Amino acid sequence: MKKLIVGNWKMNPTRGTDARKLFKSVNATASKLKNTETVVCPPLVYLESLGELVTTRSCVLGSQDAFWEHAGAYTGQVSADMIFGTKARYVIVGHSERRAMGETDEMVSKKIKSILQFPLIPIVCVGETKRDDDHAYVKLVKNQIKSALADLTQEEIARIVIAYEPVWAIGKNAKKACEPSDCREMAHVIKTVLADISNAEIAKAIPILYGGSANAENAEPYLKDGLVDGLLVGRASLDAKEFIKILKIAEKN
Ligand code: PEP
């Protein structure tokens with residue numbers, strides 16, 4: 001399986017000219033990689049313009065969210081149908097920052113179903129806010145996955161990507177890093193749940209990403225020892241040099 005590196009730009013940069021500059025720098029390297037697929041997820045407002053700069057399938061675009069209805073009186077929302085109309089091919093769903101703003105497991109599930117009606121790939125984010133000695137976090141992540149994928153057919157499940165993002169390891173206020181061994185443990189749990197709700201063959205082929213303060217320094221240990229197929233990168237995806245270093249590490253691992 002190719003490595004999958006996803007850059008989540010969140011609400012950055014402030015200007016479209018800077019977004020184009022950043023995408024062009026990343027694309028110059030990412031478009032030449034043979035063993036790595038890069039997905040850049042800019043703010044929605046830049047998707048159309050960055051779509052003009054996409055040159056290969058090795059470096060494509062993704063959205064950071066999609067609403068579950070196709071069209072209508074939903075002020076401020078953007079549908080999967082509209083996202084498909086741009087060059088985007090992936091959609092992040094259930095990011096912890098959206099869950100913190102009130103997105104529920106049920107809403108995540110509705111979004112996934114609407115995304116799968118188009119040739120789009122949902123990147124489903126799961127992860128616990130804290131770890132506890134009784135391992136309740138394992139059950140929580142299992143439940144997030146079961147709820148997100150409820151009522152999907154086997155073919156639909158086979159089209160998703162799971163991103164394990166322990167919330168306590170995300171962002172500049174993260175108190176500690178997620179060790180590759182922690183990541184490995186949860187990747188194993190995720191694969192087991194996926195096999196339970198689909199089958200071993202499908203579960204094996206579903207890419208699992210790690211996200212949470214990933215950067216050029218720790219990318220290699222996660223990719224080598226974390227039992228994951230790629231990374232979901234926040235802050236480090238806003239610095240072209242740093243992000244390209246991560247892509248090169250993914251390419252040789
Ligand atoms: C994220 O928000 O998905 C993320 C992984 O952020 P960061 O890399 O900045 O911790």
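# Briefing: rings, cores, strands and ligand

The model you are looking at is predicted, so local features need pLDDT of at least 70 and side-chain atom pairs count only at pLDDT 80 or more, while totals for chains, interfaces and linings use all residues. Residues are numbered from 1 along each chain as its sequence is written, and side-chain values use heavy atoms, with hydrogens and water left out.

**Aromatic rings**

- Rings of Phe, Tyr and Trp (its six-membered ring) pair if their centres lie within 6.5 Å; planes under 30 degrees apart count as stacked, over 60 as edge-to-face and the rest as tilted. By this rule there are four aromatic pairs.
- F67 and Y74 make a tilted pair, with 5.2 Å from centre to centre and 50° between the planes.
- Together with W68, F67 and Y74 form one aromatic cluster.
- F67 counts as buried because its relative accessibility is 9%.

**Nonpolar cores**

- A nonpolar core is a set of buried Ala, Val, Leu, Ile, Met, Phe, Trp, Tyr and Cys residues joined through side-chain atoms within 4.5 Å. The largest one has 71 residues, and F23, I190, L194, Y210 and L231 have the most contacts inside it.
- Helix α8 (residues 180-197) gives this core its largest share, seven residues. Helices (H or I, at least four residues) and strands (E, at least two) are DSSP runs, numbered from the N terminus.
- Not counting residues up to four places away in sequence, I190 touches V126, V141, I145, I162, Y164 and I208; contact means heavy atoms within 4.5 Å.
- There is also a second, separate core of 13 residues, which includes L4, V39, V60 and I123.

- Five of the five residues of strand β3 (residues 59-63) are buried.
- Both faces of β3 are covered: C59, L61 and S63 are buried on one side, V60 and G62 on the other.
- Strand β2 (residues 36-41) pairs with β3 in the parallel sense over three bridges; two strands pair if DSSP finds at least two bridges between them. T38 stands opposite C59 in β3.
- β3 and β4 also pair in the parallel sense, over three bridges, and L61 stands opposite A88 in β4.

**Helix α5**

- The buried residues in helix α5 (residues 105-115) are V108, S109, K111, I112, S114 and I115.
- Their cover includes α3 (80-84), β4 (88-93), α4 (96-99), β5 (121-126) and α6 (136-148).

**Around L53**

- L53 sits in the loop between α2 (47-51) and β3, and counts as buried because its relative accessibility is 13%.
- Leaving aside neighbours within four places in sequence, L53 is in contact with R20, F23, K24 and N27.
- L53 and A187 are 134 residues apart in sequence and 34 Å apart in space, C-alpha to C-alpha.

**The ligand**

- The ligand is surrounded by 13 residues, the closest being K10, E165, G171, S213 and R235; a residue is near a molecule or strand if one of its heavy atoms lies within 4 Å of it.
- An N or O atom in the side chain of H95 is 2.8 Å from an oxygen atom of the ligand.
- For R235, a side-chain N or O atom is 2.7 Å from an oxygen atom of the ligand.
- G234 uses its backbone instead: an N or O atom there lies 2.9 Å from an oxygen atom of the ligand.

Note on methods:
Buried means under 20% relative accessible area, exposed over 50%, partly exposed in between (1.4 Å probe, protein chains only). A polar contact is a pair of N or O atoms within 3.5 Å; within protein, one must be able to donate a hydrogen and the other to accept it, and residues adjacent in sequence count only if both atoms are side-chain atoms.
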